[in-house]
Amino acid sequence: MRPYKAKDDVQAKSYYSDRFFIKPTLARKSVFNCSSLSADYLSLKNVVDVLDSYIELDHLVLIIKPHDNVKVISHLKNIRAYDFLIELTAVDYIKTRGGFEVVYEMLSTSKHTRVRVKTFIEQDESIESVEPLFRMADWAEREMFDMYGVKVLNHPNLKRILMPDDWHGHPLLKTYPLHGDEAASWYEVDKIFGKEARDVIGPELRDSACVDRYDTERFARLGHEVHKGVEISQGNEPDTPIRYQEEGGVKLFGVKLVTPFDEIETKHLKQRK
């Protein structure tokens, strides 16, 4: 067993002691450490030019040229029995390398092995679709296009999948503002009410972690019942709790109960204990 460590203040501690901590690279092994994965590598090496290869966390990792992606995925599926494309995504390396790393994660359900195919494309470069080989690539490539702006050639329906068709920018780029840009802050207001309503409604609040309990336009009062739009300032809020006692029972959110308030509270406390 692992030694016990006190967890009294674990939530008060930061997950990272150093905000600039860089996780060390995982150990990489030779592809010939595993007979099954080495056979996959040697088979593929006879078909295309493999730039680099290694085993990481029991996964065979293959670095290939971008124009070979369809040939590689096809060979792994039809010849090497990798019948399941688990994931397809991109990684933003625009600042450091000037482009994107496209990643294909594949699984062989018969051999119980995994292979990760990586390739690098320039920022304005496109890549061929693998949708004819795996239907799941349809939505995965659309998401890659929507979130990163990676263009996929010969895709059957390459359009945004999460954001509206007229959305400005790509939200998963590292240069994209965390709370959205200027166009994002006014998108719904302009669409629903028109630009003339900007002064009346105000910009959209993009910070999902910010809950202003005194803002009765965007949020319901926490612990109190107030009408929408009521002007409330700190120290000037009406004392109208949601749960309050009534003669002969308790009223919870507008429902009158015949059980006394003290009995209900005691019952719930006992259940929690």
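Ser-53 is in contact (heavy atoms within 4.5 Å) with Val-31, Tyr-41, Val-61 and Leu-62, leaving aside its neighbours within four places in sequence. The model is predicted: local features need pLDDT of at least 70, side-chain atom pairs count only at pLDDT 80 or more, and totals for chains, interfaces and linings use all residues. Residues are numbered from 1 along each chain as its sequence is written, and side-chain values use heavy atoms, with hydrogens and water left out.

Ser-53 belongs to strand 1, residues 50-56. Helices (H or I, at least four residues) and strands (E, at least two) are DSSP runs, numbered from the N terminus. Ser-53 counts as buried because its relative accessibility is 19%. Buried means under 20% relative accessible area, exposed over 50%, and partly exposed in between (1.4 Å probe, protein chains only).

Helix 2 spans residues 69-78, and its buried residues are Asn-69, Val-72, Ile-73, His-75 and Leu-76. These residues lie on the same side of helix 2, because they cover an arc of only 160 degrees around the axis. The arc is that of the directions from the helix axis to the C-beta atoms. The buried residues of helix 2 pack against helix 1 (35-45). They also pack against strand 2 (59-64), strand 4 (99-108), strand 5 (113-122) and strand 6 (127-128).

Two loop residues have positive phi values. Leu-57 is not a glycine, yet its phi is about 55 degrees. Leu-57 sits in the loop between strand 1 and strand 2, and counts as exposed at 62% relative accessibility. Ala-81, also a residue other than glycine, has a positive phi near 65 degrees. Ala-81 is found in the loop between helix 2 and strand 3 (84-93). Its relative accessible area is 29%, so Ala-81 is partly exposed.
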